[in-house]
Amino acid sequence: MEIAYFIETIIKIVVILLIFSALAGIGTYFERKVLAFMQRRLGPVNVGPFGLLQVAADGIKLFTKEDIIPTSVVGRIFKIAPVITAATAFMAAAAIPFLPSFTIFGYEVHPIVADINIGILYILGIMGVGLYGPLLGGMASANKFSLLSAARGAAVFISYEVITGLSILAPIMMVGSLSLIDFNQYQSGGITSWIVWSQPVAFILFWIAAFAETGRTPFHLIANDHEIIDGFGTEYSGMRWGLFFIGEYANMFFISFVISIIFLGGYGDGSFLGALGLLGKVAFFFFFFLWTRAAWPDVRPDQLMWLCWKVLMPIAVINIVITGIVMM
Amino acid sequence: MHNEHIEEHFSSRNVAEMPSDYYMVAIEDYPKDGWGKFKRAAKRAVKGELFVGLWVVMREMIRFDIHTVQYPAEKMPIGPRYRAVHEMKRLWESDTERCIGCGLCEKICISNCIRIDTRIDENSRKEVSEYSINLGRCIFCGYCAEVCPELAITHGGEYENASDQREHFLTFQDMLTPLDTMKAGAQREFEGFGAITPHEDERVKKTPLAY
Ligand code: SF4
Ligand code: SF4
C-alpha cells in the first residue's frame with residue numbers, strides 16, 4: 001500500500017512537471033500570437049506551421065546557450081535563484097486538484113499530488129517564497145538595475161500579499177476549510193452555488209492580487225521597462241534565465257487554477273463536462289493575463305502600493321467584517 | 001493642381017479655422033486637496049476606462065486587420081528621395097558613361113571619400129581612369145548627387161547589401177548601369193531631392209501649427 005502510494009505520487013509529480021513545463025513553452029507561443037493579433041501584427045509565422053515550432057526553436061536555443069556567470073556576482077546565490085523561482089512555482093501545484101478524480105484501468109486516480117487540509121495556506125505560502133528567486137537573483141547580480149528591480153519586487157510583494165490573504169479569508173470563512181477539494185465540493189451544486197456570487201468583492205480583489213503575484217502587466221514592476229532593462233534577469237543567460245521564465249508561466253497557470261477552483265466552482269460535480277469547464281475557466285484566466293498585457297499600461301510602484309494599502313486593503317477588511325456579520 | 005495644394009498648405013496653417021478631424025482634448029485641472037483627489041480616484045474607478053482599453057484591443061483582434069510586412073517576401077516601396085548606395089548613369093543616346101570627370105563630386109564630398117582620376121585618351125578626350133567611393137566613410141549625405149552637372153552620379157534604392165567590409169560594396173563597374181539594362185531601356189532616372197513619394201498627397205495630414 002505504502003509503496004503503491006509512493007509510486008503513484010512520483011508519477012503524478014513527473015506528469016505535472018512535464019505538462020506544465022511544456023505548457024509554459026506553449027504559453028509563450030500563445031502570448032506572442034495573442035499580443036501580436038491585438039497589436040495588428042502576425043507574431044511568429046516562419047518556424048513550422050503558423051510558427052508553432054517557434055517554441056521548440058526557443059527551447060533548443062535556451063538549452064544550448066552558454067551559461068554565463070559574471071565575475072563579480074555572488075556565485076552560489078546567483079546560481080540558486082532561478083531554481084527557487086521554478087521550484088516554488090511547481091511546489092505550489094502540489095495542493096491543486098487539476099481535474100476531478102477519474103478511473104483508469106480500474107484504478108482510481110486523484111489528480112492532486114497531496115490533498116493536505118491546509119491547501120490554500122500552503123499554496124499562498126509557497127508562492128510567497130517564490131519572491132526569493134527575483135530578490136536573491138537581483139541582489140546577487142552585482143548590477144544596479146537588477147538590484148533596483150529586486151527592491152521594487154520586494155515592495156510590491158509586501159503590498160499584494162496582504163490583499164491576497166485578506167481577500168481569501170472571507171471565502172475561507174464561508175467554506176470552513178482550507179482544502180481546495182472542499183472548496184470544490186462546496187460549489188458542486190451548479191453555477192448558482194459558485195462563491196463568486198456571494199463574494200464578488202473578494203473575487204475581484206484576489207484577481208487583482210493575482211496580477212501582482214505573477215508580476216503580469218498592470219503590475220509588471222519587476223522589469224525595469226522605463227530603463228529599457230529587463231530587471232533582475234539582466235545578468236542571466238541560457239537555461240538559468242529559462243527557469244525564471246518557466247516559473248513565471250507556470251505560476252500564471254497555477255494561479256488561474258486556484259482562482260477557478262476557489263471562486264468559479266472548479267470542476268463542479270466531477271463529471272467530464274465539469275472537468276472541461278475547469279479547463280475552460282483556466283484558459284479564460286490565462287487569456288485575460290495576455291489580454292491585459294496588450295491593453296493596459298504598467299502602474300508605478302508607488303501607485304501600486306497606494307492601491308494595495310489605501311484602497312484594496314480597507315475594502316478587503318470591510319468585506320471580511322460584513323461576511324462575518326452575515327454569517328452570524 | 002500640385003501648386004494649388006502646396007499653396008493651400010502654406011496659406012492656411014491654422015487648424016482651428018478649418019474644418020478638420022482635429023479637436024482639443026479636454027484636460028481637467030489637477031485636484032489640489034484630498035477630497036478632490038478622492039473624487040478623481042472614485043470617478044476613474046467606476047468610469048470603466050480600463051474596459052475601453054480591453055475592448056479596443058479585442059476589437060482589433062477580431063477585425064484581424066494585420067499590418068505586418070513580411071519583409072523578405074514583401075517589401076515596402078521606398079521613396080524616390082531615398083539615398084542608398086550610389087549608381088552611375090549612362091547616356092540614353094550613346095550608352096556611354098555620363099561622367100565627364102569634372103571632379104565636383106570629389107571636391108564637395110563632405111567626408112572625403114570619393115577619389116577620381118582622369119587622363120587623356122587616344123582621341124584626346126578626357127576620360128575617367130579611376131573612380132572609387134569609400135563607403136566605409138560615406139555618410140550618404142547626397143551632396144555628390146546634387147552637385148553633379150551631368151546627373152551622372154546618383155543615389156540608388158538598393159538597401160539590401162551585406163558584407164564584412166563596407167568598402168567591398170562597389171567598384172565603379174558595379175555602380176555603372178549595366179549595358180544590357182541600357183539596351184532594354186530600363187535605366188531608372190533619379191528623381192532627386194524634393195521628389196514626392198507616390199500618393200503622398202493622400203497620406204500627408206496637416207500639422208496643427210497654431211499654438
Ligand atoms: S553621399 Fe556625401 S559622403 Fe557619400 S560620397 Fe556623396 S558627397 Fe561623399
Ligand atoms: S560631379 Fe558628376 S560628372 Fe563630375 S566627376 Fe563627379 S560624377 Fe563625374
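Begin by selecting chain B, which has 8 helices and 4 strands; helices (H or I, at least four residues) and strands (E, at least two) are DSSP runs, numbered from the N terminus. Read from the N terminus on, the elements of chain B follow the order α-α-α-β-α-β-β-α-β-α-α-α. Of the 211 residues in chain B, 25% are buried, where buried means under 20% relative accessible area, exposed means over 50%, and partly exposed lies in between (1.4 Å probe, protein chains only).

Two remarks on conventions apply throughout. This is a predicted model, in which local features need pLDDT of at least 70 and side-chain atom pairs count only at pLDDT 80 or more, whereas totals for chains, interfaces and linings use all residues. Residues are numbered from 1 along each chain as its sequence is written, chains are lettered from A and ligands numbered from 1 in the order in which they are written, and side-chain values use heavy atoms, with hydrogens and water left out.

**Stop 1: the largest pocket**

Rolling a probe the size of a water molecule over the atoms shows where empty space is left. Select A:W306, A:L307, B:R44, B:A45 and B:L50, which are the closest to the centre of the largest pocket among the 35 residues that line it. This pocket holds about 1,700 Å³ of space. On a 1 Å grid over the protein atoms alone, a pocket is an open set of points with protein on both sides within 12 Å along at least five of seven lines, a cavity is a set of points where a 1.4 Å probe fits but cannot get out, and lining residues have an atom within 4 Å of a point. Grid points are joined across faces, edges and corners, and a volume is the space filled by probe spheres set on the points.

Next, colour the elements that give two or more residues to this lining: helix 9 (200–214) and helix 12 (301–327) of chain A, and helix 2 (34–47) and helix 3 (49–63) of chain B. Helix 12 of chain A provides the largest share, 9 residues. The lining comprises 25 nonpolar, 2 polar and 8 charged residues; Ala, Val, Leu, Ile, Met, Phe, Trp, Tyr, Cys and Pro count as nonpolar, Asp, Glu, Lys and Arg as charged, and the others, Gly among them, as polar.

**Stop 2: the cavities**

How many cavities of 30 Å³ or more does the structure hold? There are 2. For the largest cavity, select B:C99, B:C102, B:C105, B:C148 and B:A152, which lie nearest its centre among 16 lining residues. Its volume is about 90 Å³, and its lining has 13 nonpolar, 2 polar and 1 charged residues.

The second largest cavity has a volume of about 60 Å³. Of its 13 lining residues, B:H86, B:C109, B:C138, B:C141 and B:C144 are the closest to the centre. This lining has 10 nonpolar and 3 polar residues, and no charged ones.

**Stop 3: salt bridges**

Side chains of opposite charge can pair when their charged atoms come close. Over all chains, the structure holds 16 salt bridges, each being a side-chain nitrogen of Lys or Arg within 4 Å of a carboxyl oxygen of Asp or Glu.

Select A:R32 and A:D58, whose closest N and O atoms are 2.7 Å apart in a salt bridge. A:R32 lies in helix 1 of chain A and A:D58 in helix 2 (residues 54–64) of chain A, so this pair ties together parts 26 residues apart in sequence. A:R32 is partly exposed at 36% relative accessibility, and A:D58 is partly exposed at 25%.

Then select B:E87 and B:K89, which meet in a salt bridge of 2.6 Å, N to O. B:E87 is partly exposed, with a relative accessible area of 30%, whereas B:K89 is buried at 2%. To finish this stop, select A:E31, A:R216, A:E248 and A:R293, which are linked in a network of salt bridges.

**Stop 4: a buried residue**

Is A:N184 buried or exposed? A:N184 is buried, with a relative accessible area of 0%, and lies in helix 7 (residues 180–186) of chain A.
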